[in-house]
Amino acid sequence: MIEMKINFVDLKRQYEAIKGEIDACVNRVITSCNFVLGDEVNKFEEEFAAYCKSRFCVGVGSGTDALRLSLLAAGISSGDEVITVPNTFIATTLAISEVNAKIKFVDIDPETYTIDAARIEKAISEKTKAILPVHLYGNAADMAPIMEIAEKNNLAVIEDACQAHGADYKGKKVPTGNIGCFSFYPGKNLGCYGDGGAIVTNNEEIAEKIKMLRNYGQKIRYHHLIKGTNSRLDTIQAAVLRVKLRYIEKWNGSRRRHAKLYNELLGGVVELPVEKEYAKHVYHLYVIRTKKRDELQGYLSKKGIASLIHYPIPIHLQKAYSDLNLGEGSFPITERYANEILSLPMFPELADEEIAYICESIKEFVSSQNR
Ligand SMILES: *Cc1c(COP(=O)(O)O)cnc(C)c1O
């Protein structure tokens, strides 16, 4: 095999393909000198809401803020409990902590790596106010049972869709519940050229509240109705996102084709991601599992192949959350998977020959282990 060097993501390939459009739109904003909110942001919000087949979209400063402001808009505050999973990016739980609510973890479904709906009811107390499922890796959580439990117990549902732009649940784009939170961090399926985020909802009251919260609590300048903050989607970022939104379906299609090729080449070699009949996975990450994870990662690195672990330490075992006093053994599936998961290179512009090289290298490693 000829040696290759394969990055985990390669934003440069994408920029080069759409350079003309991106440069023109950034220039347009700079020339207009309209840097905060305004027409580009409104238009992106309309277009992204339409893409998600939802009524409203509100652009904010990051995915973390999308989650935090959603929790605030849903009335979650000090002493309330929010149910989520320990295998996620820490931003999910930081948002809960920032509104002074209490995190109640439940373990994941071993097949989908998303919240195990069957475990939710046991975690509900009289203080529980919301469920925060994470559509991890671009794969929608099983929303039907979650919504049923939420309705029965009068809980808000806030979906962390930061990795799931364009993912389907039962033929509909997420969010399929009440509120969906997106991140436009550069490496996400829909990424801007800095930080950015958005909330998508059909609930007008929530959308209006978040519009105020992101802009110092005002609707009319200098008339502050609530104590808000400053968390707006930059106009330049909105312009970039409007260009990239026109490609997202094509790019997600490429990710799905790459995943299919990976699945074909790695079947029977390692544990593969599972796409349930209710989901259309958009493979923000392509995550395999193997007991010899660290050795495999080292081997791939020597072959010039980058890989990452999402995530190596479950949230309840992070130092930042030592106050929760949840030791090892609290969430066995999450903990076991943290030692076995490995994310392989995944981005739309990845070439089939690169995937073939990665899979050949993995097979070489596995057969060397069996020898
Ligand atoms: C990226 C991400 C976030 C946070 O988004 P930022 O824009 O980086 O603040 C939250 N949750 C998940 C699951 C993410 O992947």
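Colleague: Which strands does helix 4 lie across?
Modeller: In this predicted model, helix 4 lies across strand 2 (81-84), strand 3 and strand 5 (156-160), and its direction makes an angle of about 140 degrees with strand 3.

Colleague: And what order do the strands take in that open sheet?
Modeller: The sheet is made of seven strands in the order 1-9-8-5-4-2-3, and the pairing within the sheet is mixed. Its edges are strand 1 and strand 3 (102-105), each of which pairs on one side only, while the twist from one strand to the next averages 25 degrees.

Colleague: Is strand 1, residues 56-60, mostly covered or mostly open?
Modeller: Strand 1 is mostly covered, with five of its five residues buried. Phe-56, Val-58 and Val-60 point one way from the strand, Cys-57 and Gly-59 point the other way, and all of them are buried.

Colleague: In which sense do strand 1 and strand 9 pair, and over how many bridges?
Modeller: Strand 1 pairs with strand 9 (residues 197-201) in the antiparallel sense, over five bridges, and within that pairing Phe-56 stands opposite Thr-201 of strand 9. Strand 9 also pairs with strand 8 (residues 179-183), again antiparallel and over five bridges, and there the bridge partner of Gly-180 is Val-200 in strand 9.

Colleague: What about helix 2, which strands does it lie across?
Modeller: Helix 2 (residues 39-51) lies across strand 1, strand 8 and strand 9, and it runs at about 130 degrees to strand 1.

Colleague: Back to helix 4: at what angle does its axis cross that of helix 3?
Modeller: The axes of helix 3 (residues 63-73) and helix 4 (residues 91-98) cross at roughly 35 degrees and come within 8 Å, and helix 3 passes helix 4 in a right-handed crossing. On the helix 3 side the contact is made by Thr-64, Leu-67, Arg-68 and Leu-71, and on the helix 4 side by Ala-91, Thr-92, Ala-95, Ile-96 and Glu-98. By class, that contact has five nonpolar, two polar and two charged residues.

Colleague: Why would residues three or four places apart point the same way?
Modeller: An α-helix has 3.6 residues a turn, so residues three or four places apart point the same way.

Colleague: How does helix 3 pack with helix 7?
Modeller: Helix 3 and helix 7 (residues 204-213) pack at an angle of about 120 degrees, with their axes 9 Å apart, which means that helix 3 is oblique to helix 7. Their crossing is right-handed, and the contact is made by Leu-69, Ser-70, Leu-72 and Ala-73 of helix 3 together with Ile-206, Lys-209, Ile-210 and Leu-213 of helix 7. Sorted by class, this contact has six nonpolar residues, one polar and one charged.

Colleague: Last one: is Asp-168 buried or exposed?
Modeller: Asp-168, which is found in strand 6 (residues 168-169), counts as buried because its relative accessibility is 13%, and the cut-off for buried is under 20%. Leaving aside residues up to four places away in sequence, Asp-168 touches Ala-140, Lys-173, Tyr-278, Ala-279 and Lys-280.

Technical notes:
Residues are numbered from 1 along each chain as its sequence is written. This is a predicted model: local features need pLDDT of at least 70, side-chain atom pairs count only at pLDDT 80 or more; totals for chains, interfaces and linings use all residues. Side-chain values use heavy atoms; hydrogens and water are left out. Axes are lines fitted to C-alpha atoms, for helices over the stretch in contact, and angles run from 0 to 180 degrees between N-to-C directions. Helices (H or I, at least four residues) and strands (E, at least two) are DSSP runs, numbered from the N terminus. A crossing is left-handed if the near helix is turned anticlockwise from the far one by less than a right angle, and right-handed if clockwise. Contact means heavy atoms within 4.5 Å. Ala, Val, Leu, Ile, Met, Phe, Trp, Tyr, Cys and Pro count as nonpolar, Asp, Glu, Lys and Arg as charged, and the others, Gly among them, as polar. Buried means under 20% relative accessible area, exposed over 50%, partly exposed in between (1.4 Å probe, protein chains only). Two strands pair if DSSP finds at least two bridges between them. Angles under 35 degrees count as roughly parallel, over 145 as roughly antiparallel, 65 to 115 as roughly perpendicular and the rest as oblique.
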